[in-house]
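Thanks for asking me to look this structure over with you. Here are my notes, written so that you can follow along with the structure on screen.

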Amino acid sequence: QGIVLVAINPYEQLPIYEQDVIYAYSGQNMGDMDPHIFAVAEEAYKQMARDEKNQSIIVSGESGAGKTVSAKYAMRFFATVGGSASETNIEAKVLASSPIMEAIGNAKTTRNDNSSRFGKYIQIGFDKRYHIIGANMRTYLLEKSRVVFQAEDERNYHIFYQLCASSSLPEFKDLGLSKCWHLPMLRW
């Protein structure tokens, strides 16, 4: 039993996730301010500190709904209130920790050019003063069906196209990629 926040991806940067907004939500009680990912993060952070028990935030939604961005904002909140934002930039380290996994696990869908096709479990560790000391990201539920099936106007996992584009490089010679199809590459 917990709090539910329904958020909508505006598909553009808005000034509602800035540092001053983090500080505005920090220390507030749930319901004192407008619904926001920072309010949910603050409540989890407070309960972790008060009860000394692990907390979870589940971010769910359809492809392109902004799940990864919402998780990034929650991590930014924890890094800021946990005194780690300037020291370690934990948000950037966690999200950049596995570019190979993104290549293997992301694909183009009709709603999102770089859609994660797997679930992520991000575990953030805190010390006794509630400062972030590390993080771990695990992936699960990779959509294997996309390896053998591709819907119209969608692409399989990026790694397939990256390997095809690199097939002429000497280090890929022994992989037998010489007969790759010439397909357009994804532009980031």
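The numbered points below go through a helix, the aromatic rings, the charged side chains and an annotated site.

1. Please keep in mind from the start that this is a predicted model. The values below are computed from that model.

2. Let us begin with helix α2, which covers residues 37-51. Just after α2 comes Glu 52, which takes a positive phi of about 50°.

3. Which residues of α2 are buried? They are Ile 37, Phe 38, Ala 39, Val 40, Ala 41, Glu 42, Glu 43, Ala 44, Tyr 45 and Met 48.

4. Now turn to the aromatic rings, where the structure holds nine aromatic pairs. One of them joins Tyr 25 and Phe 38, with 6.4 Å from centre to centre and 70° between the planes, an edge-to-face arrangement. Tyr 25 belongs to helix α1 (residues 19-25) and Phe 38 to helix α2, so this pair links distant parts of the chain, 13 residues apart. Both Tyr 25 and Phe 38 are buried.

5. Another pair brings together Phe 78 and Phe 126. Their ring centres are 6.1 Å apart and their planes stand at 90°; because an angle over 60 degrees counts as edge-to-face, this pair is edge-to-face. Phe 78 sits in helix α3 (residues 67-81) and Phe 126 in strand β3 (residues 119-126), so the pair ties together parts that are 48 residues apart in sequence. Phe 78 has a relative accessibility of 10%, so this residue counts as buried.

6. Ring pairs link Tyr 17, Tyr 25, Phe 38, Tyr 45, Tyr 73, Phe 77, Phe 78 and Phe 126 into a cluster. A ring can also meet a charge: the charged end of Arg 155 sits over the ring of Tyr 161, 3.5 Å from its centre.

7. Side chains of opposite charge can pair when their charged atoms come close. How many salt bridges does the count come to? There are three salt bridges:
   - Arg 50 and Asp 51 meet at 3.2 Å, N to O. Arg 50 is exposed at 56% relative accessible area, while Asp 51 is partly exposed at 36%.
   - Asp 127 and Arg 129 have their closest N and O atoms 3.6 Å apart. Asp 127 is partly exposed at 23%, whereas Arg 129 is exposed at 59%.
   - Lys 108 and Asp 113 have their closest N and O atoms 4.0 Å apart. Lys 108 is partly exposed at 21%, and Asp 113 is partly exposed at 44%.

8. Finally, a point taken from a record. An unreviewed UniProt entry places the feature "binding site" at Gly 61, Glu 62, Ser 63, Gly 64, Ala 65, Gly 66, Lys 67 and Thr 68. Gly 61 is found in the loop between α2 and α3, and Gly 64 has its place in that loop too. Is Gly 64 buried or exposed? At 9% relative accessibility, Gly 64 counts as buried, while Gly 61, at 38%, counts as partly exposed. Leaving aside residues up to four places away in sequence, Gly 64 touches Asn 9, Tyr 11 and Asn 112.

Methods. Residues numbered from 1 in each chain as written. Predicted model: local features only at pLDDT ≥ 70, side-chain atom pairs only at ≥ 80, totals over all residues. Heavy atoms only, no water. Salt bridge = Lys/Arg side-chain N within 4 Å of Asp/Glu carboxyl O. Buried < 20%, exposed > 50% of the residue type's maximum accessible area, 1.4 Å probe, protein only. Phe/Tyr/Trp six-rings, centres within 6.5 Å; stacked < 30°, edge-to-face > 60°. Helix = DSSP H or I, 4+ residues; strand = E, 2+ residues; numbered from the N terminus. Lys NZ or Arg CZ within 6 Å of the ring centre and 35° of its normal. UniProt positions renumbered as here; feature names shortened; annotations may be inferred. Contact = heavy atoms within 4.5 Å.
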